[in-house]
Amino acid sequence: MTKGTEPVEGMDYFMQLEYHELLCPVVRRYAEALRAGKLIGHRCPKCGLVYAPPRGYCPIDVIETTDADEVQLADRGVVTNYTVVTPVQYYGQEETEPFAKVSIQLDDPGGALSLQDVLEVPVDQVRVGMRVEAVWAPPKERDTGEIGNRSFGSAAGAIRGWRPTGEPDLPADQIMQAAF
Amino acid sequence: MADEIPTTTHTIEFPYTRTLGPVFSAFLTGMRDGRILGIASRDGKILCPPTEWDPWTGDALEPTLTEVGPGGTVETWAWVETPTRKHPLHHPFAFALIKLDGADTALLHAVDAGTINAMETGMRVTPRWKDERIGHITDVEAFVPEALGA
Amino acid sequence: MGTVPEIAIIGYAQSPSWRRAELTEPQFLFPVISDAIERAGIERRDIGFTCAGSCDYLSGQTFAFVMNLEAVGAWPPISESHVEMDGAWALYEAWVRLQHGDVDTALAFGSGKSSPGTPAEIYPLQMDPYTLTPLGIDPVSIAALQARAMLDRNLITEHEMAAIAARSRAAAKGNPYAQVSGDFDVDALLAEPYVTAPLRKHDLPPISDGATAVVLATAAKAKEVCEHPVWIRGIDHRIEIHQPGMRDLTESPSTRLAGEHAGVGEGKVDAAELSASFTHQEKILRNELGLGDDVEINPSGGALAANPMMAVGLSRFAEAARQIAEHGKHRVVAHATSGQALQQNLVAVLEA
Amino acid sequence: MTTQPCAVVGIGQTKHKKRRDDVSLPGLVREAAQRALDDAALTWTDIDAVVLGKAPDPFEGVMMPELSMADALGANGKPIMRVHTAGSVGGSTAIVATHLIETGRHDRVLTVAYEKQAEGNAQWGLAGGRSGGMGAGGIFAPWMRSYIAKSGAPEHVGWQVAVKDRQNALKNPYAHLQLKDISIEKVKESPMLWEPVHFLESCPSSDGACAMVLTNEDGAKRAPKAPAWVLATAMRSELGTFPGRDPVRPQAGVECAHMLYDAAGITNPREQIDVAEIYVPFSWYEPMWLEGHDIAAPGEGWKMTDTGATEISGDFPVNASGGVLSSNPIGASGMLRFAEAALQVRGEAGEHQVEGATVGMGHAYGGAAQYFAMWIVGSTLDAVANKI
């Protein structure tokens, strides 16, 4: 009937909460562009910094940005830094093997994406200065359903990852200091 | 119009594991054993559910618990017509503050009375225990009107 | 505390209260903060201290408040803090900070998006994790327990509750930020079914998304930049016992204490903006604050008309200040609350 | 407007452990708070207000815990606030409490911070409940790599910090990790978690709490033990991500330090600060913050570690308590830095006491190295002036 006769010393609590949020206009437009095979960002009309993906404002000049400030971004760039993560097995973790996430400074007109996946390179050979290009999913397989209002630089579902272009590396010491 | 806007969905879920300390350990052990326990406050009131410290003064309390109930009186109640998925019952029921016999404060719990017409402030209720108890506040599945028995 | 330096509200702004905002929290905070600063007549870079109020669980995102910093202008770096509480407590922290005298202006804001989640499932996490959270006890049910305790003791009637709803909604017709407004017949409201008896839909606040920002200044600065500063004459906040069954739910001793320490009774009150999320709570608050029938309650419509969690308490400051700055009132009370059944309360007295 | 001095007259902390299975959440907080009250020889009724801090609520699954902890904190009928500024929260919570004393708002304030990591999982929390989380180390690893590349620091400096802080922890009975056989070799051979960070160069996951009782001059006179005087506080925040940001030496950190030194009258931090408790969750953050807060010149911080200057016996002891590398109840970790600095200038640090310390610094940072909270405490109100 009851479990045990020892004192009860613990209690489990299973929390489960669902959130359904409207996608904000700039993220909707960003996701549409991804499905069309394009990366877009906003260029601040005041300071000229490029935000990828667009945020709808420049937090530095504290001005709002609009579709008029939209720029198409390059889908090539250089790895400016990386992390190799040995996954901790927390609840909901699906990763079991070490994986790499990289930051990429995009070619002109600029913009930077973080937490990107690298393809076709063993984890231990990811390096700063490596030239990479986007590997797009075929148009029919592009699904941006995972991209939400707080997905930051995610292009998941449209860009599968980034692979080496084969070009020579850029000097690592310069690249690492240049961009985050 | 809003319905046409795509939504982004995310679920956060996690199985938390709580440790209890002496007071809640004793209280939930009691629940597992089919007994509802209270604690004496500094001025001698019996508090159920027990608190770890005197809620009025913050003073330490002696973690020796005493049995209260099982029956009690409904002090106030709310009729839940549409339960949420987090509620203890999945058909219409009442949440109530129940002053158990021998206690000086009221326990918040569910009352399974069938219909709102069966509910009344001052009514007598008694716990309906679950068959399988694990040491949890919901080991009492709900209180039921004393007239119906447990 | 007789020598508390004078601090004034010199600017305030709110977003509309939306049932479901299309913009993200930092996106809709953005114009609100800019607007409040502009109305204060100061430059963003002049702000000496910033404090925000928000809640991770509303959006289901750890560190959700970090993104809100983007709406502030935090580059170059700023002196800044955050409370996981309603923006009214952010204002309190900013009010304390200004009393040092080394900075002369402060920005407080609160923001929240309740629409993505299910409040009835989220708020049980605010209750005692051992005896209450596992029962899934939700805000409406706790409020209903409180309302029935009042009804049983003849401290209020369902008719009075409906009349409070009708008055609030009618008042909200003049509030461009309100979500629920219009003319409603009390008898028609009473003919509606219960949601959670004894509460009907009109007894409940709407679910809202929104933001509020308030700019504070020291006396010297306020007089320099503002023609009609609104003075914070007193402010205090108190908490009481958590377990609903260990409180007399028909009273709010924490509100009474906060009101006494804020000096509510030291002069005639013209109006009060109260965070009464449920109709019956307005009556408890009036009693505890000693507000008579001659005091206009919630000229904005209050929380029953617009309820953006984490901003709604700070909105009471904005609306109270509006009553003074734009509607010629002299002395107005602002009130904010946290927790269930009025467990924690903040009271301030604002004056022309 | 004038402010009045604020004194720390009570300090308490729990034994920090992987899992404190003997206490509830409020029980953990209460243990530290009661010790702080006992240290100050005060009772619960003596406290005017409470300021509580912790990291995100989803770490334990309790929303706005000040509500359900009101009885544990003796807060009925009192003001209580809840601060949350990411990893710096323990520090900013103490600063908010300090303001309540400095402005004369209250006479005696209890400030408390905690985390009970074992109830949940911080890696889960940091990942927003999603798979593929990076962990804090994953966010900070690239910046540590950049620091190493830019400063030319040899890799053994990270191992040295890891060993030094664990050896210090052996002198602190409250510290979580008690690694008696810690060595450079062991650190170096421990698994690589986030290159360049090894397992033993990372903070543990701890249950723990910290509390302090703050009061004014009058209260300090009545206290049974020597107070620590709060000589200066500073908080500074910046945006976490924008093109061109330098997260290795964040501007907010530089400005926070200079605000702090100016307010305390410190003109040469390395000379005038006797002991520092710096938030170092990963070994490389010791030299990074020594430089990031202009205690050492750019590129020189690692040399302080390498030459032993940051050891208890060195000229600038850092984390004599064992630091975050030895105990990490996240929300409390910042307050522990502040409290340990205060313990040092009170001469109450026991085995890890830095002899003759009269000026101490407490430091915390959080978010994407974007939130900073710091304070300077002294054994007397003129402790800094006496150095010059």
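Predicted model: local features only at pLDDT ≥ 70, side-chain atom pairs only at ≥ 80, totals over all residues.
## Chain B as a whole

Chain B contains one helix and nine strands, and, read from the N terminus, its elements follow the order β-α-β-β-β-β-β-β-β-β. Along the principal axes, the C-alpha atoms of chain B fill a box of roughly 60 × 40 × 35 Å.

Of the 150 residues in chain B, 49% are buried. When contacts in chain B between residues at least 6 apart in sequence are considered, 52% of them join residues at least 24 apart.

## Where chain B meets chain A

The contact between these two chains involves 28 residues of chain B and 24 residues of chain A. On the chain B side, β1 (7-19) and α1 (21-32) each supply at least two of the touching residues, and β1(B) gives the most, with 13 residues. Sorted by class, the residues on the side of chain B that touches chain A comprise ten nonpolar, eleven polar and seven charged.

The strand β1(B) also pairs across the two chains, for strand β1 of chain A, residues 10-22, runs antiparallel to β1(B) and is joined to it over 13 bridges. Within this pairing, A:Gln16 has B:Glu13 of β1(B) as its bridge partner.

## A three-stranded sheet in chain B

Chain B has an open sheet of three strands, arranged in the order β3-β2-β4 with antiparallel pairing. Because β3 (46-47) and β4 (65-68) of chain B stand at the edges and each has a single partner strand, one side of each is left without a neighbour in the sheet. Strand β2 of chain B, residues 36-40, pairs with β3(B) in the antiparallel sense over two bridges, and B:Ile39 stands opposite B:Leu47 of β3(B).

The helix α1(B) packs on this sheet, where it touches β2 and β4 of chain B, and the direction of α1(B) makes about 150° with that of β2(B).

## Chain C and its helix α11

Chain C has twelve helices and twelve strands. Its radius of gyration is 19 Å, close to the 20 Å that the globule rule gives for 352 residues, so chain C is as compact as a globular protein of that length. The C-alpha atoms of chain C fill a box of roughly 55 × 45 × 40 Å along the principal axes, and buried residues account for 73% of the 352 residues. Among contacts in chain C between residues at least 6 apart in sequence, 79% connect residues at least 24 apart.

Helix α11 of chain C, residues 279-289, is mostly covered, with eight of its eleven residues buried. The buried residues include C:Thr279, C:His280, C:Ile284 and C:Leu285, as well as C:Glu282 and C:Glu288. Just after α11(C), C:Gly290 adopts a positive phi of about 65°.

## Two crossing helices in chain D

In chain D, the axes of helix α2 (residues 89-102) and helix α13 (residues 330-346) come within 5 Å and cross at roughly 60°, and α2(D) and α13(D) are therefore oblique to each other. On α2(D), the contact is made by D:Val89, D:Gly90, D:Gly91, D:Thr93 and D:Ala94, while the residues contributed by α13(D) include D:Gly331, D:Ala332, D:Met335, D:Arg337 and D:Phe338. By class, the contact of α2(D) with α13(D) has six nonpolar, six polar and one charged residues.

Notes
Residues numbered from 1 in each chain as written. Chains lettered and ligands numbered in written order. Contact = placed C-beta atoms within 7 Å. Helix = DSSP H or I, 4+ residues; strand = E, 2+ residues; numbered from the N terminus. Nonpolar A, V, L, I, M, F, W, Y, C, P; charged D, E, K, R; others polar. Pairing = 2+ DSSP bridges. Axes fitted to C-alpha atoms, helices over the stretch in contact; angles between N-to-C directions. Parallel < 35°, antiparallel > 145°, perpendicular 65-115°, else oblique. Buried ≥ 20, exposed ≤ 12 C-beta atoms within 10 Å, placed from the backbone. Rg over C-alpha atoms; globule rule 2.2 N^0.38 Å.
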